[in-house]
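Subject: Structure handover

Hello,

Here is the structure I said I would pass on. Please look it over before reading my notes, which follow below.

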Amino acid sequence: MRTTLILWLYLLLPLFSLFNLTITNTIATSHQCLGHQQSLLLILKSSLTFDPAKSNKLIHWNHTRDCCQWKGVACSTKGNVIALDISHEVITGGNLISLFKLQYLQSLNLAYNEFHSDIHYEFQNLQTDLRHLNLSNAGFMGKIPTQISHLNKLETLDLSTSQHGLKLEKPNIVEFLQNFTTMKELYLDGVAISTKGEEWCHAVSSLKGLQVLSMSSCNLSGPLDPSLTKLQSLSVLKLDNNNLSSPVPEYLGNLSSLNTLQLRSCWLSEAFPKNVIQLPSLQFLDVSGNQGLLGSLPNFPHQSSLNYLNLSHTNFSGPIPESIGKLNQISTLDLSNCQFNGTVPNSMSNLIHLVHLDLSFNNLAGPLPHLNKSNALRVLSLNHNAFNGMLPSNYLNGLLNLVSIDLGDNSLSGNVPVSLFILPSLRLLTLAYNRFDGILEEFPNASSSLLEMIDLSGNNLQGPIPMSIFQLHRLNFLELSSNNKHHHDVSSFPNLNNLLLASCKLRIFPSFLRNLSSLLSLDLSSNQIEGIVPNWIWKSEFMTSLNLSNNFLTHLEGPFSNLSSNLFVLDLHSNQLHGPAPIFTKSISYLDYSNNRFNSFIPADIGNQIPFTVLLYLSNNSFYGKIHESFCLMPYLLLLDISDNSFSGEIPKCMATNSSSLRVLSLAGNELVGHVPDTFSPSCDLRFLDLNGNLLDGTIPKSLTNCQNLQVLNLRNNQLIDTFPCFLKNVSTLRVMILRSNKFYGNIGCPNITGNNWEMIQIVDLASNNFSGMLPSSLLRSWKALIQDEDRSRFGHVSFYFYDSISTNVTVNFELATSFLSKGSIEKLAKIVSIEPNYTRDHLLSHDYQENYSLRRYEDSVTIVNKGQQMKLEKILIAFTSLDFSSNHFEGPIPEEIMSFKALHALNLSHNSFSGHIPSTLGNLRNLESLDLSMNSLRGEIPTELASLSFLSIMNLSYNHLVGRIPTGTQIQSFEADSFMGNEGLCGPPLTQDCGGGGGQGPSSQPSSKRSSIDWSLLSVELGFTFGFGIIIMPVILCKRWRLWYSKKVEDVLYKIVPQLDFVYERRGGKRYRSLRWKPY
């Protein structure tokens, strides 16, 4: 019996323990709040300003319940408040004095409020017991007070902010952290700390027990310091968005507890250490957005714990290794926008936990990866690679969770598999710009499909749009541009929000468009639509973007008054529209009427009618009269292009005054007169200024030096009278300077010029002016971009982004794309497009950005003279370089500094007075394609090094004083004889004059076999003429003054009546002489 009792007691003992624990916990949570503690909390509530309608905690605090039962409050067994959480209460201010009297607080959370005040110094009153303090995104601002560092028992401190309103100055980071001996988690994201790597690393490394360090966007500098290896307990390290500007050190691989490493957008460089990626403990790695970061994927170990790997927008390269299949825990793999190549290994099919896979924008080739085992996959992005082959009919079968598929911009061929359209969760399908052909087949169960966006543009699909498409009731975005498909003329087309049918060989406006009342975006560009644009197209109150460019449209049907149009983007360029140009929507932000025949505006004060416009293209029309000053009343305008019209009068001064907002101003090809306004704003932000082809006079305005971001200055073909603009030497961003065909004069030397002045210059055109003197060596040495050997991409273009927050390595979304609009415009647009899913909206924006940059950046265009011909560079290649000093009065030897311009493509020094020899170092210019040294006074032989210039396709050395044999070489022999004519001492091919003994002297005279005879009947006439002519001409011959006068008059007459003749100036005996020579072209 006793044994049985003991056995029962033994079995019941755990139940007693559990009962005891339950009782204890009940007591701990059901104790009674002390009265003075409750009073302090009620005083705190009454002292705070908050919205009761949005409150989930404070609103319920009252006398009727024990304060320990209130939301956000926890008490000790004695009834003292030990934890307080009033986060997310939208508190906008108030008095916190009663809070600091809660002496027993161990945890305090005020996060996500809007206090709009400094952090109170009385937080130090809580130092006795406070272990956890969270003030993140609470709206505090200003300097972090020293008193926070007195809370020496803190284990968790979170001062992070997304508003960047806090800064740590006094105390500095060393003083601030030195007392936190028990700190385990430190969050300072967004706090301005601004210290160098060694200082902040040493300060942080003193926290020996630290497990979490998060200091993103703190203005920290690099490099990382080895002292960080003291943090052997560190499991989370987040340093995103700091300018570390250094390599990632290998010793981070010694942090054996590290499971999260985030170094996104830190300007990292050199090779990423493989031992860090191979850390057995590492689960989360994000080093995206570091364009200078190199590396390759290592051989992954079997025991890898990686769950998230993001290397996007780095310079990682090489193949994807077979060992990628060992990452059996990976859920997110983002290798987009890198340089990976080769084929994707079959082992990727082992990644059964994949949820997000992005391999876009690489150089991957071969067949698409097999992913049929990745049942959890939701997002698949393989676009912008070189994947090829046909899509199997069962590709991606069974992946029931797929929401988004993007296979665009590859080389996939064959038919589009019907199976893609019937994936049950699919919402986005992009197959654009591949080689798919054939007929798009019908697919079942279309009415139950979740598809919202389909992009099949840029393929070779044939036949009609399948009826199944018309049954996709959720479809709001359809792009079939650049195919050979034609539409059904039905009225029951789905209620699309976005329809893009560019380059579809349409001849009329599809009639079903009348019924798409909710259409937001319509693109019918590059078709063959003729005639009138119907007025119903303007009446849609939801349409925000309309592109009808590159058609044969002639009229816009009105009326345009009292329209409720909400168009933000209207593109009608390259049609045959004529007459007045209607302005009918104030909300417009992008307007392109260029390349038509419009001649006026309705109404005339365009700036008052469209005040929120950002980009305005009106070039190549028939507009005339003075430029209306209302153009200056557009505060958001970044680009104004009214070139190639017939505007007259002076340039409004306000256009220069408003240069703080303008990025592009093109007034070229008009009939403008007067001076260029000297009123450029001190905050001028112009990148591109084109005034060429007008009748402007005066000087270059000195205030142009305020435009410190100027890239292109084109003043060609005007009547400007000025010296060389040395005052612009501090505009270091200048790439293109064109002063051709004006009346500039004098020496082009600039005092105190250094290598930092004009270091980016790549095109200089000073031709057809009156510049003189020698080419200054110091100026030429400052042009560093010409010295660099051509190791850059030949296919990049001189361009800039309209707003600095967007570049090529940033994903464009709605917030970024609308950041340049007015606040009212953003709110209005956001309301209209709120029916759109974010991914559909962002896809449309990214499509515009990738294809035509029309809303993001401007690619500069100029006209230069190259190879004797005018050439318009619609897009200036970054690698194209040109120097043209022709038709001036430059003299002296050709500077040796020019021979160091290894990146130079075109050099024109013709029609000057250069003397001396052609430098043999001309052979250094191995990228040279065009060389013109004609009409100078160059002497000596042609250097043999010219024969090594393999790219040289145009060369003109005519009308100099060159002698000797023309060098032999593949390039030299390809030039015609007129490239060498006018050099009496030259011989050898391609000239007919032989260099061999006596050859080339022409055929010798044969002795006459007949005796000469005199025709006496003509002799008297000849003698009379000679005697009479001698009486007139002898004074001219004998008198030097008359001789010079006569010679000058004859040359002037010949110069005027014979366009092929031109003056050449040269120096002999210290004096300057003029002579008339035949132009080489």
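Which hand does the link of Cys33 and Cys67 have about the S-S bond? The link is right-handed, with 75° about that bond. Please keep in mind that this is a predicted model.

Disulfides

The count of disulfides comes to six. If the bonded cysteines are numbered in sequence order, they pair as 1-2, 3-4, 5-6, 7-8, 9-10, 11-12.

In the pair of Cys33 and Cys67, the sulfur atoms are 1.7 Å apart. This pair links distant parts of the chain, 34 residues apart: Cys33 sits in the loop between helix H1 (2-30) and helix H2 (35-47), and Cys67 in the loop between strand S1 (48-49) and strand S2 (73-75). Cys33 has 9% relative accessibility and so counts as buried. Cys67 is buried too, at 0%.

Cys632 and Cys654 form another disulfide, with 1.9 Å between their sulfur atoms. The link of Cys632 and Cys654 is right-handed, at 65° about the S-S bond. Cys632 lies in the loop between strand S43 (624-626) and strand S44 (639-641), while Cys654 belongs to helix H8 (residues 653-657). Both Cys632 and Cys654 are buried.

Cys726 is joined to Cys750, S to S 2.0 Å. The disulfide of Cys726 and Cys750 is left-handed, because the torsion about its S-S bond is about -85°. These two cysteines are 24 residues apart, Cys726 in the loop between strand S51 (719-720) and strand S52 (736-738), and Cys750 in the loop between S53 and strand S54 (763-765). Cys726 counts as buried at 15% relative accessibility, as does Cys750 at 6%.

Sheet

Seven strands make an open sheet with parallel pairing, in the order S53-S55-S61-S63-S65-S67-S68. Strand S53 (745-746) and strand S68 (985-987) are at the edges; each has a single partner strand, so one side of each has no neighbour in the sheet. Within the sheet, S63 (residues 913-917) and S65 (residues 937-940) run parallel and are joined by three bridges. His917 has Arg939 in S65 as its bridge partner.

Nonpolar cores

The largest nonpolar core has 264 residues, and Leu84, Phe631, Phe724, Trp758 and Trp783 have the most contacts inside it. Apart from this core lies another of 14 residues, including Tyr590, Val664, Val736 and Ile738. Leaving aside neighbours within four places in sequence, the contacts of Trp783 are Trp758, Ile761, Val764, Leu883, Phe885 and Phe901.

Regards

Conventions:
Residues numbered from 1 in each chain as written. Predicted model: local features only at pLDDT ≥ 70, side-chain atom pairs only at ≥ 80, totals over all residues. Heavy atoms only, no water. Core = buried A, V, L, I, M, F, W, Y, C linked by side-chain atoms within 4.5 Å. Buried < 20%, exposed > 50% of the residue type's maximum accessible area, 1.4 Å probe, protein only. Contact = heavy atoms within 4.5 Å. Pairing = 2+ DSSP bridges. Helix = DSSP H or I, 4+ residues; strand = E, 2+ residues; numbered from the N terminus. Disulfide = S-S within 2.5 Å.
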